[in-house]
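Subject: Structure for you to look through

Hello,

Here is the structure I said I would hand over. Please open it first, then read the notes under it with the model on your screen.

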Amino acid sequence: MSNSTSRRSFLTKATIAAAMAPLATFGRGLETAIERTPKSSAPSDLKITEVKCGYSGGGLFVKIYTNQGIWGCGEGVDAISGTYYLIKRISNQIKDRNPLNPNRIAEELRKANFFGGAQSGMYVAVLSAIETALWDLTGKALGLPIYQLLGGKFRDKVRVYCDTELYTRNNPVPDDYAKAALGAINRGYTAVKFDIDEATDPNKFDRYNWTASNAELERMYEAIAAVRKAVGPHIDICVDMHGRYDATTGRRVAKMMEPLNLMWLEEPVPADNIDVYKTITQETSTPICAGENFYLGYGYTRLLSEAGVDIVMPDLQKCGGLGEGQRIANLANLYYVPFSPHMVGSFVGAMATAHVCASVPNFHILEWQTLSDTEPKWKEIVTYDKPFIEKGFLTVSDKPGIGVEINEEGLKKYAIPGVPFFE
Ligand SMILES: [Mg+2]
């Protein structure tokens, strides 16, 4: 070897070493991908062959299959029932497409079906599942976790709050609230959420009117005061009114809860009227949170530009998917508003959301359900080899794609009878 060749070789190695050094800060995912990536490969001929789906409870689970034996999975929630034939239509629309451009395919599907309902509701919930599966597929094809595809991560694990199981009971008393809060804290959580809307409250004077009576207001306050007393000043408490009440009640509850120092009061009024949200948000020191019933980035523009809320909580299994979720988070960040996603799906949806939470600076906290800790169903329907949550945090997967799979065998036990299941 001549001196010049040897020197060139040394410089090349030194250059590569210098270029690779910063990668350590981006996580193992990128390093692994670079090691695996063929340096002179032909353009990929990866193609979508079919989309299949299954339904369980309020959840839609999709798989996008390809001609190379890999698939992507995604989840949608809420407005998804009766959408089997919509999935089949989308399957035909994206058949033979290369899946490696999730943003482009999701935007084309949205625009192509604009007058078929692609602004909100059922169509966008389904699109969210498809879009997520495209990200999962892209990550698997390239050997990268989704957070890396989204620009890398700000954090390795995301904090979660525990939505207590009290939402399954009618008319719990303050002691039930306190016990449920302590139960969550004993499992390692540092933040809890409780529902205070009660359609069956005996103190309601009218089934259809949602102006809370004084006795109802007292019930709400006593329940959350019991929680605060039980957990002390440093545990975070969220309170959800599920968008049921009128403006008068929303304003009164927000003011009434001020001494309890909540992390937030969620949807004190329905999602439709941003002017009312703005009024409540501006006249109380209780942080107001909303957004689980808004769709696409457009749903958040006025909410943010007019300071309608203090915290946004898009549901990424419903509002448009992972790319749209990241765009909403970035929009919120421009208004210094925290991003605290709503999440009522399985661990597939939770981990998919967590990749977005890792990728934005203004992530605050992610929703998690007590029932996902206690009901066997939630472990049976997914494939994942570690605990879901540890000490109130979800560790973001470094595996390619989402890092969690749908377990079809487990899910089939809970499938909706009479609805095709991955057919
Ligand atoms: Mg809610």
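**Helix H4 and its two sides**

On one side of helix H4, Lys111 and Ala112 are exposed. The buried residues of H4 are Pro102, Ile105, Ala106 and Leu109. These four cover an arc of only 100° around the axis, which puts them on the same side of H4. An α-helix has 3.6 residues a turn, so residues three or four places apart point the same way. What do the buried residues of H4 pack against? Their neighbours are H3, H5 and helix H12, which covers residues 322-334.

Please keep in mind that this is a predicted model.

**Helix H3**

Helix H3, residues 84-94, can be read in the same manner. Leu86, Ile87, Ile90 and Ile94 are its buried residues. They lie on the same side of H3, because the arc they cover around the axis is only 100°. Tyr85 and Asn92, on the other side of H3, are exposed. The buried residues of H3 are covered by elements that include E1, E2, H5 and helix H4 (102-112). Just after H3 comes Asp96, with a positive phi of about 75°.

**The protein as a whole**

The secondary structure amounts to 16 helices and 13 strands. The C-alpha trace spans about 90 × 50 × 40 Å along its principal axes. Why does a radius of gyration of 23 Å agree with a compact globule? For 423 residues, such a globule would have a value near 22 Å, and the protein has 23 Å. Of the 423 residues, 45% are buried. If you take the contacts between residues at least 6 apart in sequence, 74% of them join residues at least 24 apart.

**Two domains**

The protein is divided into domain 1, residues 48-144, and domain 2, residues 149-404. Their C-alpha centres lie 26 Å apart. Domain 1 puts 30 residues into the contact, and domain 2 puts in 22 residues. On the side of domain 1 that touches domain 2, E3, H4 and H5 each supply at least two residues. Which element gives the most to that side? H5 does, with 13 residues.

**The sheet E1-E2-E3**

Three strands form an open sheet in the order E1-E2-E3, and the pairing is antiparallel. Strand E1 (48-56) and strand E3 (71-77) are at the edges with a single partner strand each, so one side of each has no neighbour in the sheet. From one strand to the next, the twist averages 20°. E1 and strand E2 (residues 59-66) run antiparallel and are joined by 8 bridges. Within this pairing, Glu50 stands opposite Tyr65 in E2. Helix H5, residues 122-142, lies across E1, E2 and E3 and runs at about 155° to E3.

**Strands that pair in parallel**

Strand E4, residues 157-163, pairs with E10 in the parallel sense over 4 bridges. Cys162 has Trp368 in E10 as its bridge partner. Is strand E10 covered on one face or on both faces? Strand E10, residues 366-369, is covered on both. Leu366 and Trp368 are buried on one side, and Glu367 and Gln369 are buried on the other. In a regular strand the side chains alternate between the two faces of the sheet.

Strand E5 (residues 191-195) and E6 also run parallel, joined by 5 bridges. Asp195 has Asp240 in E6 as its bridge partner.

Pro270 lies in the loop between strand E7 (264-266) and helix H10 (274-283). How many other C-beta atoms lie within 10 Å of Pro270? There are 19, and a residue needs 20 or more to be called buried, so Pro270 is partly exposed. Pro270 and His342 are 72 residues apart in sequence, and their C-alpha atoms are 16 Å apart in space.

Regards

Conventions:
Residues numbered from 1 in each chain as written. Predicted model: local features only at pLDDT ≥ 70, side-chain atom pairs only at ≥ 80, totals over all residues. Rg over C-alpha atoms; globule rule 2.2 N^0.38 Å. Buried ≥ 20, exposed ≤ 12 C-beta atoms within 10 Å, placed from the backbone. Contact = placed C-beta atoms within 7 Å. Pairing = 2+ DSSP bridges. Axes fitted to C-alpha atoms, helices over the stretch in contact; angles between N-to-C directions. Arc of directions from axis to C-beta. Domains from an automatic or database assignment.
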